[in-house]
Amino acid sequence: MIPLDDVDKCYPLINERAQRFLSEPELKQYRSLPQNEVEHQLKLLLESPIAHFTVVNEVYFRARWAEVFEALQLGDDLTLLEVASGDADMVPQVMARTHPNSTYITANMNKSLTRSLLQKTLGLPLHMKIIEDDAAYLEKHLAPGSVDLIVFQHAVNDIIQAILCGQAGIDTIHTDWMETLPDMIKLLQQEVASDTLDVHVMQPFITLIHTLLKSLRTDGIIALNHYMFQLDLDWGYPADLFENIIPLTRRWLTGIQGCEEIFIPGFDQQWWIFLQKR
């Protein structure tokens, strides 16, 4: 696979970033690792599908999102919307450190994942707003132009899967996401085998982006990223699709009205898309 990042660039900075972006318990765990193990875990993270959830992963991804915030020169009074966050808390954890007392909004329909997210973010110095509705209906909940940055943190694949599940009548709201994942993978296998993913998913995805643009301020950014999990591949996730989610999404969004792609140096186009509203 194309590496997520350059380990030779990232490793010299990782101790400083751990100090900045980890909590005290996390930092204690990090410091218990020998430096050669830290480097080994970072290399695995960047150069292969993720097989283990480690504190080194947390350092890297939190720091990476902080780099996004810095590159975009976001103001202190940030309003950020995360689409399909699940219970992944890396974005609010970063915001709490780079933009304390700003506003974090997530559109998250799965009940159990929402509960887990709230538990993980308890006590963070953020204004938290959970919208338990389909992201396709966010304009009912957010004022036009009220959001500075919209984030798809490893969420494009989840959106694709949710669209297919909705079409197939599979519940993704009241069920355990991981228990439903094998059914999602079967749907993806069928779509790849029949070459119908564009037919069934492209237009709903484009419609979602158009809806999100309504809530985004002019010159605001939609940031999408992706990486792979080994477990998904082991369960039969189509490997070429999983690795090329972002290039596929870029193709779908080519020529979309109301925004254009911008490029940030150091962010590989295999794993990142940045769209700016015009």
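## A pair to start with

Which residue forms a salt bridge with D148? The partner is R217, and the closest N and O atoms of the two are 2.8 Å apart. Keep in mind that this is a predicted model.

R217 sits in strand β5 and D148 in strand β4, so this pair ties together parts that lie 69 residues apart in the sequence.

Strands β4 and β5 belong to an open sheet of seven strands. Read across, the order is β3-β2-β1-β4-β5-β7-β6, and the pairing is mixed. In general, strands of a sheet pair through backbone hydrogen bonds, either parallel or antiparallel.

What stands at the edges of this sheet? Look for β3 (127–131) and β6 (259–262): each has a single partner strand, so one side of each is left without a neighbour in the sheet. If you ignore direction, neighbouring strands are turned by 20 degrees against each other on average.

Now zoom in on one pairing. Strands β1 (residues 79–83) and β2 (residues 103–107) run parallel and are joined by five bridges.

How many salt bridges does a search of the whole structure find? The count is 16. One of them joins R278 and D219, with the closest N and O atoms 3.6 Å apart. This pair links distant parts of the chain, since R278 is in the segment after β7 and D219 is in strand β5, 59 residues apart. Both ends are partly exposed: R278 has a relative accessible area of 48%, and D219 comes in at 38%.

Another salt bridge brings together the side chains of K140 and D133, at 3.7 Å from N to O. Here K140 is exposed, with a relative accessible area of 60%, whereas D133 counts as buried at 16%. The cut-off for buried is under 20%, so D133 falls on that side of it.

Salt bridges can also link up in a group. In this model, D5, K9, R17, R64 and E67 are linked in a network of them.

Key: Residues numbered from 1 in each chain as written. Predicted model: local features only at pLDDT ≥ 70, side-chain atom pairs only at ≥ 80, totals over all residues. Heavy atoms only, no water. Pairing = 2+ DSSP bridges. Helix = DSSP H or I, 4+ residues; strand = E, 2+ residues; numbered from the N terminus. Axes fitted to C-alpha atoms, helices over the stretch in contact; angles between N-to-C directions. Salt bridge = Lys/Arg side-chain N within 4 Å of Asp/Glu carboxyl O. Buried < 20%, exposed > 50% of the residue type's maximum accessible area, 1.4 Å probe, protein only.
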